[in-house]
Amino acid sequence: MAQIIGGINTSHVPAIGRAIHRGLQDDPYWKPFFDGYRPVHHWLAEARPDVVVVFYNDHGLNFFLDKMPTFAIGTAPSYSNADEGWGIPQVPAFSGDQDLSWHLVESLTEAEFDLTTCQEMVVDHAFTLPMALLWPDQTWPVKVVPICINTVQFPLPTAARCWKLGQAVGRAIRSWESDVRVMVLGTGGLSHQLDGERAGFINKEFDLQFMDSLVKDPTWSTRFSIHELVEKAGTQGLELLMWLATRGALGESVRELHRNYHIPISNTASGLMLLEPSP
């Protein structure tokens, strides 16, 4: 059966792409952020995942306000991105793992999750930048399966629902008759708000408590409603839902191998966690 070897949660701020393009990794403003990924690069070199299942949110490149699925999954042979208007250079296309994609579609449907199945799909910075942070040479030694969670247009899925989605994905991966090594990647956040009266809002105390909870009490954040999470983390801070789904996929208990938290990055709290399932 397929094995889940670990999970990574990371921020995906568009400014990261511009920093990569301009070679600012050692700039004093950016260095604490980029240095945080060095332990992750070492882990990836040793762990050697074959496939990455990516929980992310789309910002209008693939879906827009007129058509916004709650959950969507890609089943395409490859995934490209396009110019989003942020000044982020495009990256090489990603190879999809269609066998795993369709296994997940079938398993999640049986688990009573109604997903939008996308046989063609483009991916935006929420997908491409985390991948570029993990593999800076952008040669992509892995296949991918994108799973998109709506954090853009209300009504949004609850934290509890996203936790259950992650659990169902984890069960489905472990039931897949394959010897591949699967990594789960959750992207977005942490606390930030880009508009309105609270533009620039960051809640460090909540962010650190949330990160702690993923190890010690992973369902902690599911006790809050979406509106309560907006109050605590900001409107765009709801991207923590992808972190929660990733943690759900890893199983009952995990061990934390690495963490980095840095503020601000483009008025955003940036976080990074590397977790492995515990026996």
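Guide: Strand S1 (residues 3-10) and S10 run antiparallel and are joined by four bridges. Within that pairing, Ile8 has Leu274 as its bridge partner in S10. The model is a predicted one. S10 also pairs with strand S9 (residues 254-262), again antiparallel, and here eight bridges join the two. One of the residues involved is Arg259, whose bridge partner in S10 is Met273. S10 itself spans residues 270-277 and is mostly covered, with seven of its eight residues buried.

Next come the aromatic side chains. A search of the whole structure gives 13 aromatic pairs. One of them joins Tyr29 and Trp30, an edge-to-face pair with 5.5 Å from centre to centre and 80° between the planes. Which category of accessibility does Tyr29 fall into? Tyr29 counts as partly exposed because its relative accessibility is 38%, and the range for that class lies between 20% and 50%. Trp30, with a relative accessible area of 8%, is buried, since buried means under 20%.

The rings of Phe33 and Phe34 form another pair, with centres 5.1 Å apart and planes at 85°, so this pair is edge-to-face. The cut-off behind that label is an angle over 60 degrees between the planes. Phe33 has 1% relative accessibility and therefore counts as buried. Phe34 is buried as well, at a relative accessible area of 10%. Ring pairs link these residues into a cluster made up of Tyr29, Trp30, Phe33, Phe34 and Tyr37.

A ring also takes part in a contact with a charge. The charged end of Arg198 sits over the ring of Phe201, at 4.2 Å from the ring centre.

Phe64 lies in the loop between strand S2 (51-56) and strand S3 (71-74). Together with Leu65 and Val152, Phe64 forms a nonpolar patch on the surface, and the three have about 270 Å² of accessible area together.

How values were computed. Residues are numbered from 1 along each chain as its sequence is written. This is a predicted model: local features need pLDDT of at least 70, side-chain atom pairs count only at pLDDT 80 or more; totals for chains, interfaces and linings use all residues. Side-chain values use heavy atoms; hydrogens and water are left out. Patches are made of residues with over 30% relative accessible area and no salt bridge: like charges are joined within 9 Å, nonpolar side chains (Val, Leu, Ile, Met, Phe, Trp, Tyr) within 5 Å. Accessible areas come from the Shrake-Rupley method with a 1.4 Å probe; for residues, only the protein chains shown count as cover. A salt bridge is a side-chain nitrogen of Lys or Arg within 4 Å of a carboxyl oxygen of Asp or Glu. Rings of Phe, Tyr and Trp (its six-membered ring) pair if their centres lie within 6.5 Å; planes under 30 degrees apart count as stacked, over 60 as edge-to-face and the rest as tilted. Buried means under 20% relative accessible area, exposed over 50%, partly exposed in between (1.4 Å probe, protein chains only). A charge sits over a ring if NZ of Lys or CZ of Arg is within 6 Å of the ring centre and within 35 degrees of the ring normal. Two strands pair if DSSP finds at least two bridges between them.
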